[in-house]
Amino acid sequence: MSSEFTFKLLATDGKARRGEITMPRGTIRTPAFMPVGTGGTVKAMYMDQVRGVGADIILGNTYHLMLRPGAERVAKLGGLHDFARWPHPILTDSGGFQVMSLSKLRKISEKGVTFRSHIDGAPYEMSPERSIEIQGLLDSDIQMQLDECTALPSTPKEIQRAMEMSLRWAERCKTAFGDQPGKAMFGIVQGGDIPDMRVRSAQALTGLELKGYAVGGLAVGEPQEVMLDMLDITCPELPQEKPRYLMGVGTPDDIIKSVARGIDMFDCVMPTRAGRHGLAYTRRGKVNLRNARHADDPRPLDEESDCPAARDYSRAYLHHLVRSGEALGAMLLTWNNLSYYQHLMSEIRASIEAGRFADRTTEISEGWARGDISLHKG
């Protein structure tokens, strides 16, 4: 295990990249999907299960953890890894997106953000320095700069203001982060849906010589083609030798198309949230277990899966659990979904190594398009 944070490209296929991040707490195989552990838990999952489906790294959320149980408390209890029983790498986001989306009463200035908790209305301040301090108290391995994320659509003037503010905050975060052996701070490219803004942001952040770079402010309401256009513009501006992280994305189709444009890391609440609402991701596409057609179906979600939730439980039973509001339904479908996402990432990595990324991902997409197996064959 490396005592330093390093990223190595192992193979490329077109713009798709197969790489490896090494750091003291473990190795992250890229392209990687990071399950979201917002409040120190991946919802409806044991950490052993999260590791068992193939996750190398999880995401924690600075905003939620600072509100409860509190970063100082987590630090006193040994840091987030000990607290949550996850000894492997953790990436923490800066909290900026949640401040913007969850806090109705907020004020943004050059200093940072003042806001009221969505839980109890208590006042808080979040500066770039405080965001890095909180992430340090949590002892996360990859820490994100504080940025201002604008929802789309937005005016060019507002997009430019937020992008330039985020760049100034990135410099302050870098100073606050300092030199932490074995850890990394990533900058976040902003610029909305304006190509020139994206290029300016990426070039300025590259000049800071950070250990990694994220693309933020996408998957915030814009069509997929806009997101992909921004990746086409942004990725060539980022260093080849540094990891690239697309924040908050996404669907399996989003992931495949973003890997094709040079993205290495992803996170999204979609697989866990969908599992809690009765929706399963499979190699045949999405399956809604709430639908009555599953009530008498003895077959599993996927007889070929190596995940017990997909292979060993009947659709009828899963349907019953979901319709009855049983907690086990959410647990099993979340397990299935995270297993599917990690299997997809494994397939992507193997296809890049084999030089057949385009062919394999076409086959995967065709499997989704064919749809779920019908109840009656023949």
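Select A44, which lies in the loop between β4 (32–34) and α1 (47–52). In this predicted model, the phi angle of A44 is near 70 degrees, a positive value in a residue other than glycine. Most residues other than glycine have a negative phi. A44 is partly exposed, with a relative accessible area of 27%.

Next, select A219, found in the loop between β12 (212–215) and α9 (224–234). Its phi is also positive, near 55 degrees, and A219 is not a glycine. With a relative accessibility of 41%, A219 counts as partly exposed.

Now turn to the peptide bonds. Most peptide bonds are trans. Select R68 and P69: the bond from R68 to P69 is cis, with omega near 10 degrees. P69 belongs to the loop between α2 (62–67) and α3 (71–76). Then select L152 and P153, where the peptide bond is cis with omega near 0 degrees. P153 is placed in the loop between β10 (142–144) and α7 (156–177).

Proceed to strands β2 and β3. Strand β2 covers residues 16–23 and pairs with β3 in the antiparallel sense over five bridges. A hairpin of two residues joins β2 to β3. Select T22 to find it opposite T27 in β3. Which residues of β3 form its covered face, and which its uncovered one? In this strand (residues 26–30), G26, I28 and T30 make up the covered face, while T27 and R29 make up the uncovered face.

The last stop concerns an annotation. An unreviewed UniProt entry lists D93 and D267 under "active site". Why may these two residues be said to gather at one spot? They span 175 residues in sequence, yet no two of their C-alpha atoms are more than 10.5 Å apart, so they gather at one spot. Both D93 and D267 are included in the lining of the largest pocket.

Select D93 in strand β6 (residues 90–93). D93 counts as buried because its relative accessibility is 10%, under the 20% limit. The side chains of D93 and N61 are joined by a polar contact of 2.8 Å. Beyond its sequence neighbours up to four places away, D93 touches several residues, including L59, T62 and M247.

Finally, select D267 in strand β14 (residues 265–267). D267 is likewise buried, at 9% relative accessibility. The side chain of D267 reaches the backbone nitrogen of G248 at 2.9 Å. Leaving aside neighbours within four places in sequence, the contacts of D267 include F33, L59, Y245 and M247.

Definitions and conventions: Residues are numbered from 1 along each chain as its sequence is written. This is a predicted model: local features need pLDDT of at least 70, side-chain atom pairs count only at pLDDT 80 or more; totals for chains, interfaces and linings use all residues. Side-chain values use heavy atoms; hydrogens and water are left out. Buried means under 20% relative accessible area, exposed over 50%, partly exposed in between (1.4 Å probe, protein chains only). Helices (H or I, at least four residues) and strands (E, at least two) are DSSP runs, numbered from the N terminus. Two strands pair if DSSP finds at least two bridges between them. UniProt positions are given in the numbering used here, feature names are shortened, and annotations may be inferred rather than shown by experiment. On a 1 Å grid over the protein atoms alone, a cavity is a set of points where a 1.4 Å probe fits but cannot get out, and a pocket is an open set with protein on both sides within 12 Å along at least five of seven lines; lining residues have an atom within 4 Å of a point. Contact means heavy atoms within 4.5 Å. A polar contact is a pair of N or O atoms within 3.5 Å; within protein, one must be able to donate a hydrogen and the other to accept it, and residues adjacent in sequence count only if both atoms are side-chain atoms.
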